[in-house]
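Hi everyone, thanks for having me. Let's look at one protein together, and please have the picture open while I talk.

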Amino acid sequence: MIDAVLDRKKVDLKVKITVKTAVSVAVVALAVILPQIVHMTLGANGGAQWLPMYLPILLGGCLLGWKWGLGVGILSPIASFLITLAFGNPMPAAARLPYMIVELAVFASVSGMFSEKIAERAWMAFPAVWTAAVLGRCVFLASAAIFQSVSPLSVYMAWTQVQTGLIGLSLQAVLVPVLVMALSAAIARERK
């Protein structure tokens, strides 16, 4: 979606990279800060239920496209882990980190694959987010199944986490597209 806006403005590659880098940094920062806020206000169970890191990742994919989205999806859990590790309470936990990296990479890249369609019709953010959520959670479950013999995360535990996060993910499946549509409407008003 951002590419379409920058193409309409006929900006050069350097400006495109600068804008997409700034948006990426903002998405990663939000993906670090939002879980902290949720955990402080609702506790650890609040994070598992509301999945606060997923919201900026899905938004980032829709806005940035699949390549930059993939980067944001990979970097966000790593940045969160390293920053929170410095304070003695890493989030996500080390055992969960590889799974989140893979899952959020899928979330961001799949939603990002819809970016051009979203630029044309903002409502396409709905199928983008729904598809990304389903595939991301399936990859999470598949990863748990593949690595359960060498990881503390079993398929049963992963399935329990998927069920616990259904409320948050359902809310995000509506909230992220609404945010994307609002941003698209604001951009359209600016063009007039």
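Let's start with helix H7, which covers residues 125-147. Helix H7 has 23 residues, and from its first C-alpha to its last it reaches 32 Å, close to the 33 Å expected at 1.5 Å a residue. That expected span is 1.5 Å times one less than the number of residues in the helix. When I say helix, I mean a DSSP run of H or I with at least four residues, while a strand is a run of E with at least two, and both are numbered from the N terminus.

Before going further, a word on where this comes from: it is a predicted model, where local features need pLDDT of at least 70, side-chain atom pairs count only at pLDDT 80 or more, and totals for chains, interfaces and linings use all residues. Residues are numbered from 1 along each chain as its sequence is written, and side-chain values use heavy atoms, with hydrogens and water left out.

Back to H7. Which residues of H7 are buried? Among them are Ala125, Ala128, Val129, Ala132, Ala133, Gly136, Arg137 and Phe140. Buried means under 20% relative accessible area, exposed means over 50%, and partly exposed is in between, using a 1.4 Å probe and protein chains only. Here is a handy rule: an α-helix has 3.6 residues a turn, so residues three or four places apart point the same way. The cover over the buried residues of H7 includes helices H3 (54-64), H5 (97-112), H6 (115-120), H8 (155-164) and H9 (166-191).

Now step back to the whole chain. How many helices and strands does the protein chain have? The count is nine helices and zero strands. The radius of gyration is 17 Å, close to the 16 Å that the globule rule gives for 192 residues, so the protein chain is as compact as a globular protein of that length. The radius is taken over C-alpha atoms, and the rule is 2.2 Å times the number of residues to the power 0.38. Buried residues make up 44% of the 192.

Next, let's visit proline 77, in helix H4 (residues 66-85). Is proline 77 buried or exposed? Proline 77 is buried, with a relative accessible area of 0%. Leaving aside neighbours within four places in sequence, proline 77 is in contact with Met53, Pro92, Leu97, Met100, Ile101 and Leu104; contact means heavy atoms within 4.5 Å. The C-alpha atoms of proline 77 and valine 28 are 8.5 Å apart, although the two are 49 residues apart along the chain.

A cis peptide bond joins methionine 91 to proline 92, with omega about 0°.

Over in helix H5 we find serine 109. Serine 109 is buried at a relative accessible area of 10%, and beyond four places in sequence it touches Trp66, Gly69 and Leu70.

Finally, two loop residues. Lysine 10, between H1 and helix H2 (13-50), has a positive phi near 55°. Leucine 51, in the loop between H2 and H3, has a positive phi near 50°. Most residues other than glycine have a negative phi, and most peptide bonds are trans. Lysine 10 is exposed, with a relative accessible area of 74%, whereas leucine 51 is buried at 7%.
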